[in-house]
Protein chains: 6
Amino acid sequence: MFGHVKDLQFEAKPDGPDAAFARRLQEILGGKWGEMTVANQYLYQGWNCRLPGKYKDLLLDVGTEEMGHVEMIATMITRLLENAPLSLQEAADDNPMVAAVYGGSNPAHFIHGGGGALPTDSNGVPWNGAFITASGNLMADFQLNVTAEAQGRLQVARLFNMTDDPGVKQMLRFLLARDTMHQNMWMAAIEQLKQDGLEEMPVPDAFTDSKQFTDEFSYTYLDFSPGQDAAQGRWASGPSPDGKGEFRYDGNPRAHAPEPVLAPGDPRLYGTNPDPAGDPHEVAR
Amino acid sequence: MFGHVKDLQFEAKPDGPDAAFARRLQEILGGKWGEMTVANQYLYQGWNCRLPGKYKDLLLDVGTEEMGHVEMIATMITRLLENAPLSLQEAADDNPMVAAVYGGSNPAHFIHGGGGALPTDSNGVPWNGAFITASGNLMADFQLNVTAEAQGRLQVARLFNMTDDPGVKQMLRFLLARDTMHQNMWMAAIEQLKQDGLEEMPVPDAFTDSKQFTDEFSYTYLDFSPGQDAAQGRWASGPSPDGKGEFRYDGNPRAHAPEPVLAPGDPRLYGTNPDPAGDPHEVAR
Amino acid sequence: MFGHVKDLQFEAKPDGPDAAFARRLQEILGGKWGEMTVANQYLYQGWNCRLPGKYKDLLLDVGTEEMGHVEMIATMITRLLENAPLSLQEAADDNPMVAAVYGGSNPAHFIHGGGGALPTDSNGVPWNGAFITASGNLMADFQLNVTAEAQGRLQVARLFNMTDDPGVKQMLRFLLARDTMHQNMWMAAIEQLKQDGLEEMPVPDAFTDSKQFTDEFSYTYLDFSPGQDAAQGRWASGPSPDGKGEFRYDGNPRAHAPEPVLAPGDPRLYGTNPDPAGDPHEVAR
Amino acid sequence: MFGHVKDLQFEAKPDGPDAAFARRLQEILGGKWGEMTVANQYLYQGWNCRLPGKYKDLLLDVGTEEMGHVEMIATMITRLLENAPLSLQEAADDNPMVAAVYGGSNPAHFIHGGGGALPTDSNGVPWNGAFITASGNLMADFQLNVTAEAQGRLQVARLFNMTDDPGVKQMLRFLLARDTMHQNMWMAAIEQLKQDGLEEMPVPDAFTDSKQFTDEFSYTYLDFSPGQDAAQGRWASGPSPDGKGEFRYDGNPRAHAPEPVLAPGDPRLYGTNPDPAGDPHEVAR
Amino acid sequence: MFGHVKDLQFEAKPDGPDAAFARRLQEILGGKWGEMTVANQYLYQGWNCRLPGKYKDLLLDVGTEEMGHVEMIATMITRLLENAPLSLQEAADDNPMVAAVYGGSNPAHFIHGGGGALPTDSNGVPWNGAFITASGNLMADFQLNVTAEAQGRLQVARLFNMTDDPGVKQMLRFLLARDTMHQNMWMAAIEQLKQDGLEEMPVPDAFTDSKQFTDEFSYTYLDFSPGQDAAQGRWASGPSPDGKGEFRYDGNPRAHAPEPVLAPGDPRLYGTNPDPAGDPHEVAR
Amino acid sequence: MFGHVKDLQFEAKPDGPDAAFARRLQEILGGKWGEMTVANQYLYQGWNCRLPGKYKDLLLDVGTEEMGHVEMIATMITRLLENAPLSLQEAADDNPMVAAVYGGSNPAHFIHGGGGALPTDSNGVPWNGAFITASGNLMADFQLNVTAEAQGRLQVARLFNMTDDPGVKQMLRFLLARDTMHQNMWMAAIEQLKQDGLEEMPVPDAFTDSKQFTDEFSYTYLDFSPGQDAAQGRWASGPSPDGKGEFRYDGNPRAHAPEPVLAPGDPRLYGTNPDPAGDPHEVAR
């Protein structure tokens with residue numbers, strides 16, 4: 001069960017409006033790697049977590065914090081949308097900056113949202129549930145969470161370079177700091193999973209039935225292009241990071257199965273089949 | 001530029017048909033973590049890669065291999081769809097297995113695909129471009145690639161337990177082996193990035209302007225629920241994995257900004273504003 | 001800013017598993033009228049609300065409660081997914097009930113979610129941000145909120161009739177009671193808006209520039225089919241509910257503008273244009 | 001069955017082109033609350049309506065009218081797209097207005113649509129079927145229809161303020177007038193449903209099995225944040241609008257169920273489970 | 001402007017209910033090649049058509065007819081959904097046919113639609129505007145229309161084989177007959193475009209600026225795989241169907257540009273760039 | 001199985017950057033008719049093709065070539081994105097061209113893609129699997145392929161007119177030439193199918209059970225609007241293109257079935273039904 005306090009975790013107030021930047025800020029609100037994604041991802045992972053205790057707590061705590069980040073960014077966007085040029089006539093006073101704001105803003109911010117934030121990315125494409133994963137396997141999901149914070153922090157840092165507004169920059173600094181913590185936190189959680197003897201790499205480490213292919217396929221780099229640049233990498237020789245194998249390099253990977261020839265289809269589906277009355281190879285080959 | 005050989009990288013032939021399993025296998029073809037995702041993700045990362053040499057080669061090589069996996073799974077699905085019950089009448093011969101196949105199969109496999117594979121997940125939701133990310137930052141993307149292979153191998157392992165068909169299981173073993181390699185490979189590539197002095201954690205390590213918040217926010221775990229289970233974790237004390245800080249624990253995080261009070265909106269947008277003719281707090285509070 | 005307690009607002013424990021019903025319950029979690037929709041809709045409306053005080057508080061309070069409903073339903077689904085038949089072989093023991101569960105369950109619940117809830121509807125289509133609206137106009141949005149609770153309660157009542165499980169039914173009773181409250185609450189909020197002199201019907205009542213059409217178009221029912229059944233309704237005569245007009249009935253609505261003839265297009269777009277060298281009517285008519 | 005006349009219901013001719021406004025006008029054509037939504041929503045509600053007579057007629061009549069509005073707006077957009085700047089070079093003649101049109105227009109209008117209207121919203125996101133609901137319960141659906149017309153009229157009024165073009169404004173006035181009628185009409189239809197004894201609030205009024213929770217949950221406002229602004233509202237005390245209860249206020253809502261502890265998952269799904277060989281609380285808590 | 005008559009173009013009444021077939025029938029209502037697609041596609045093409053006269057009339061006529069087909073199929077689905085098993089308990093009476101109906105039906109038909117048709121495909125994925133194209137070029141669009149009718153008729157024919165219900169089959173026969181007409185009609189319209197001197201193949205025939213590549217690229221088949229099966233086809237030798245060239249065959253296509261080496265990116269975007277302080281090839285290759 | 005060479009099929013290097021054009025070029029990369037569509041469509045058609053030999057080879061060859069076009073366009077976009085204005089401040093130096101670039105560019109290109117291509121259309125809407133069809137019937141699919149190349153070439157030709165950059169224009173000329181070949185090739189493949197006796201029009205020609213409707217419905221043009229412009233077309237009289245019938249014209253099509261009256265719904269779904277205790281026509285009509 002959740003509670004809400006009216007204060008914000010951190011200040012979300014720009015020094016001035018900028019509707020074009022408001023559109024851009026949507027990317028970290030409702031984009032694939034935005035705050036709606038991490039909030040929902042951690043909460044779903046927590047709800048589905050079958051381990052009581054510190055892991056479930058961790059997931060639900062951080063998901064709850066991210067809900068507060070959604071709130072901060074929505075608030076910031078709503079303020080950035082104030083005083084925007086609504087029409088071409090307002091944009092046409094021989095001032096390229098107003099023209100750029102008009103051209104670069106999101107019409108739906110005004111027509112649909114009435115000057116408020118939307119649950120969409122920077123192009124107005126709605127956030128959707130496929131952005132999140134809660135697989136039930138904590139190692140797979142903590143790896144995803146490291147990435148989510150890395151991609152998220154990357155996007156915040158880019159946005160930091162797209163504005164001069166001190167108020168906006170201050171909020172972004174806060175988010176960058178929290179993303180720093182969260183990247184570290186999920187890396188630490190991966191360490192903890194290993195220490196607790198719960199999961200190892202590769203995921204899922206409990207699967208044991210592909211041993212016959214270990215020598216040939218589980219540790220061999222297959223190079224599908226001429227030239228051997230890739231052979232210079234750490235991934236082509238030496239011990240594998242999972243500690244269970246030795247990398248090998250195959251510069252000329254071969255096919256292991258012949259060209260597939262499919263059986264004729266069910267005639268009730270009216271697909272194009274080899275002619276039943278003759279040799280299909282003579283007719284259609 | 002690409003080339004194609006007609007042979008398959010590995011055999012994709014079931015011992016018998018199973019249209020309900022064919023529906024399930026779609027998850028690793030056109031689902032969020034399926035082969036279309038990794039193929040396109042690595043190729044886009046490769047095309048956008050601004051570093052010539054081994055990294056770009058790695059990305060394009062493996063993306064090319066994954067195209068061959070898309071081919072194998074599509075072929076397997078097409079064969080699993082043979083001889084499926086098309087109507088309720090065929091499913092109604094007092095045989096629960098046929099009823100289960102009829103109920104559990106995907107109608108679009110027959111109506112739309114004519115008995116062939118579709119670029120969708122196990123529920124028939126189309127694959128889409130938002131499933132992939134090519135951020136330009138190799139550390140962020142290699143972290144995502146580790147996850148993609150982890151989530152992918154997890155799904156293949158689950159599917160392995162959802163069928164008894166020896167031919168299907170053999171192809172899944174091959175995919176599990178390659179996912180083992182690819183998880184290791186992306187972990188090795190992360191090591192290589194560090195060795196080459198190109199990227200560090202947290203991403204992006206080149207961003208330097210949030211130092212003022214380092215002490216308070218960059219390494220502090222904020223616990224947003226009563227109870228301190230989360231304080232027991234590796235993420236609440238000790239050195240941070242990035243080697244740059246020391247974790248701290250805050251069991252009672254405070255808000256840093258007051259309740260946001262927004263300015264009235266542009267009246268041309270007809271939002272509900274405080275009454276301009278009186279004290280909005282008297283009227284509407 | 002949000003907080004979380006580990007206890008649930010209400011119990012979410014079935015008496016037994018039922019993976020097919022779990023699929024169905026997804027509709028009120030991640031469907032268009034599910035709890036993710038009302039939670040996010042009320043929160044966004046609250047964040048964008050430019051009136052401080054009771055309205056903003058109302059929106060954020062109820063949105064916060066709905067987050068707790070998301071949690072309850074996700075928990076229930078995760079429990080309903082236990083002990084599900086994973087393969088056709090398990091469904092094929094001559095037991096139609098197991099066949100029905102196998103055929104009626106959602107494969108992604110197992111392959112993607114590992115036995116946990118997903119942010120999707122009952123067909124596995126992801127929840128998306130277009131399901132919610134926060135227009136900035138409280139009258140328009142409160143009307144939507146009445147509907148959201150009406151559609152939501154309707155769906156819960158239908159699900160109540162799709163299971164015999166006492167634990168499931170008990171949670172659904174709780175949700176039905178809260179939806180009763182919430183329908184009443186938004187209706188009361190509409191009354192309050194009027195009492196406070198903030199908004200009237202029709203929305204937006206501040207728009208005043210279509211008076212010229214009031215007589216002919218603003219209160220006239222246009223009947224676009226033969227037969228006059230519709231003329232019997234409350235909407236075809238008598239005073240209009242907004243108190244500003246009188247309904248009229250027009251059984252034979254006429255067109256007010258001639259067939260549109262478009263100008264030729266820009267030839268650089270290669271659309272099919274009337275032949276510039278001749279009379280397009282002679283050539284192409 | 002439908003028929004078509006070539007004339008338009010109302011004139012749809014701008015005084016001049018404006019490709020940036022054409023993009024904006026798409027919101028009321030193919031956006032969530034646009035004409036495609038109301039046309040399809042009323043038609044589906046009509047086709048699914050199990051009551052012969054005036055209600056079914058009402059739904060199909062108005063759906064048919066809305067098809068004519070789709071036609072008008074599509075025609076208007078096509079005309080607004082004429083003479084648009086196609087290239088950066090055309091936008092670069094030191095004229096900020098042309099730059100604003102170039103920047104603010106939708107590239108797909110030209111590349112995909114060849115200068116014609118598209119079935120998308122103002123950001124180019126396609127209209128989709130999830131925008132509409134036909135629930136079979138007329139009270140729930142008429143409430144939605146009131147909202148659809150309210151949100152729609154709100155958007156038209158906003159667009160009215162985004163252009164100076166007299167021809168565009170005239171068409172928008174017509175749409176505003178019809179939306180006035182339609183809001184009133186659906187409100188009248190709700191009254192009629194009650195008069196005819198068919199449906200009451202709350203929806204569905206025929207559901208009767210949650211009486212045990214009436215006292216505690218069906219009429220109690222739960223305040224999930226500190227501060228009691230919300231207690232001042234009409235929704236916190238007094239009789240409920242459905243006439244069946246009395247509002248109560250609970251400023252400190254409690255949880256009714258303990259923290260959920262989930263059973264271990266099926267090991268074949270490889271989720272992270274408590275260690276079966278030891279006390280999971282010792283290992284992982 | 002449109003009108004509606006209450007009668008149906010053709011009878012849409014099954015002999016008995018079949019909720020599983022109702023789910024399947026959705027494919028030709030709201031699927032990619034369903035009636036919503038052709039109705040909207042022809043109407044948008046008509047509204048955007050810049051040629052007055054017979055072509056515009058053709059498009060709007062047939063689009064209007066297709067709206068009547070949408071109506072028929074929606075009506076049929078609503079009838080097929082009657083008397084469906086709502087719960088596992090109803091499906092569990094040792095009758096595989098009921099189990100198959102329960103497993104094979106669409107839960108949203110009942111929970112969301114209340115037993116009515118939905119604007120989705122056979123898997124419940126919503127119809128969307130990207131399914132249609134109105135390019136402004138009639139040759140390109142009429143080719144698409146031929147395909148739409150071909151794919152549509154193919155799907156109807158498959159559905160014909162998925163049921164024994166005489167009433168359903170009779171409606172499908174009618175649709176097959178109309179799809180026969182419509183395939184022929186669009187082929188005839190292509191002939192007419194040529195006769196009228198408006199458009200030729202290849203589309204757009206008015207584009208003239210690639211003549212330099214005609215010899216090498218405009219008529220040469222490039223074979224990207226070993227083996228020369230494809231050389232046996234009509235597409236590898238002889239005159240081209242557009243009458244403007246002669247097919248050639250190239251069994252070993254070459255690359256025409258070197259490996260692309262990208263410039264370093266803007267450092268403000270934090271992509272991984274070659275090390276500015278050293279030779280990137282030494283460091284990272 | 002696929003291979004990759006590092007060289008490009010054709011040069012993809014602009015003479016200068018243009019981030020606004022880069023956004024536009026996305027339409028032919030990840031739009032409905034872009035290269036991702038044709039690549040995936042031909043490959044899926046090939047994998048699902050049940051005819052060994054020249055047709056399967058054709059499909060896989062051309063799909064493989066199109067993968068190389070995806071690569072070229074992605075490379076071009078990445079180069080066009082260099083040196084773009086990142087902020088309003090950079091766009092505001094009194095230079096309308098920079099304002100137009102800022103306003104007309106896609107923010108996600110920078111925030112999400114770090115200056116690289118994305119798998120989306122020109123508005124940032126992700127490519128999705130519903131863009132492609134592989135029906136199993138080669139005649140239906142080759143018709144679609146003709147269209148795909150026609151729509152694709154049309155879009156490339158339009159883009160050719162939206163830039164002055166010689167490097168961009170040269171790559172577009174190459175694509176136009178290949179689209180010329182591919183349109184011809186699919187037309188030739190249709191001829192070949194007929195020559196080989198495999199498929200005829202209308203699709204599917206093997207369906208034979210609608211003969212009873214041939215006279216009345218299979219060759220009759222139904223005119224659903226007043227006025228007889230459409231009667232002038234090739235589609236209203238003369239022999240039908242399939243060679244099996246004679247076109248007829250019906251200027252006043254009639255309905256063949258009465259108004260549908262639906263049975264009452266299952267009361268457990270709470271739809272609005274006729275009152276069971278009285279005459280529903282008296283109560284609700």
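## Exercises on domains, contacts and strands

Domain 1 of chain A and domain 2 of chain A have C-alpha centres that lie 40 Å apart. Residues are numbered from 1 along each chain as its sequence is written, while chains are lettered from A and ligands numbered from 1 in the order in which they are written. This is a predicted model, in which local features need pLDDT of at least 70 and side-chain atom pairs count only at pLDDT 80 or more, whereas totals for chains, interfaces and linings use all residues.

**Exercise 1.** State which residues each domain of chain A covers.

*Solution.* Chain A is divided into domain 1, residues 19-195, and domain 2, residues 209-285; these bounds come from an automatic or database domain assignment.

**Exercise 2.** Describe the side of chain B that touches chain A.

*Solution.* First count the residues in the contact, where two residues are in contact if their C-beta atoms, placed from the backbone, lie within 7 Å: chain B gives 98 residues and chain A gives 98 residues. Then ask which elements of chain B contribute two or more residues; among them are helix 4 (54-80), helix 8 (138-160) and helix 9 (166-195). Helices (H or I, at least four residues) and strands (E, at least two) are DSSP runs numbered from the N terminus. Helix 9 of chain B gives the most, with 15 residues.

**Exercise 3.** Work out how strand 4 of chain B pairs with strand 2 and with strand 3 of that chain.

*Solution.* Two strands pair if DSSP finds at least two bridges between them. Strand 2 of chain B and strand 4 (residues 246-250) of chain B are parallel, with 3 bridges, and B:Leu222 has B:Asp250 as its bridge partner. Strand 3 (residues 238-239) of chain B runs antiparallel to strand 4 of chain B and is joined to it by 2 bridges, with B:Pro239 partnered by B:Glu246. The hairpin of strands 3 and 4 of chain B has 6 residues between the strands, and in it B:Gly243 takes a positive phi near 75°.

**Exercise 4.** Determine where the annotated "binding site" residues of chain A sit, and whether A:His69 and A:Glu149 are buried or exposed.

*Solution.* An unreviewed UniProt entry gives the annotation "binding site" to A:Glu35, A:His69, A:Glu149 and A:His182; such annotations may be inferred rather than shown by experiment. Although they span 148 residues in sequence, no two of their C-alpha atoms are more than 13.1 Å apart, so they gather at one spot.

Take A:His69, which lies in helix 4 (residues 54-80) of chain A, and which is buried because 28 other C-beta atoms lie within 10 Å. (A residue is buried at 20 or more such atoms within 10 Å of its own C-beta, exposed at 12 or fewer and partly exposed in between, with C-beta atoms placed from the backbone.) Beyond four places in sequence, A:His69 touches A:Glu35 and A:Leu175.

Then take A:Glu149, in helix 8 (residues 138-160) of chain A, which is buried with 27 C-beta neighbours inside 10 Å. Leaving aside neighbours within four places in sequence, A:Glu149 is in contact with A:Asp179, A:His182, A:Gln183 and A:Trp186.
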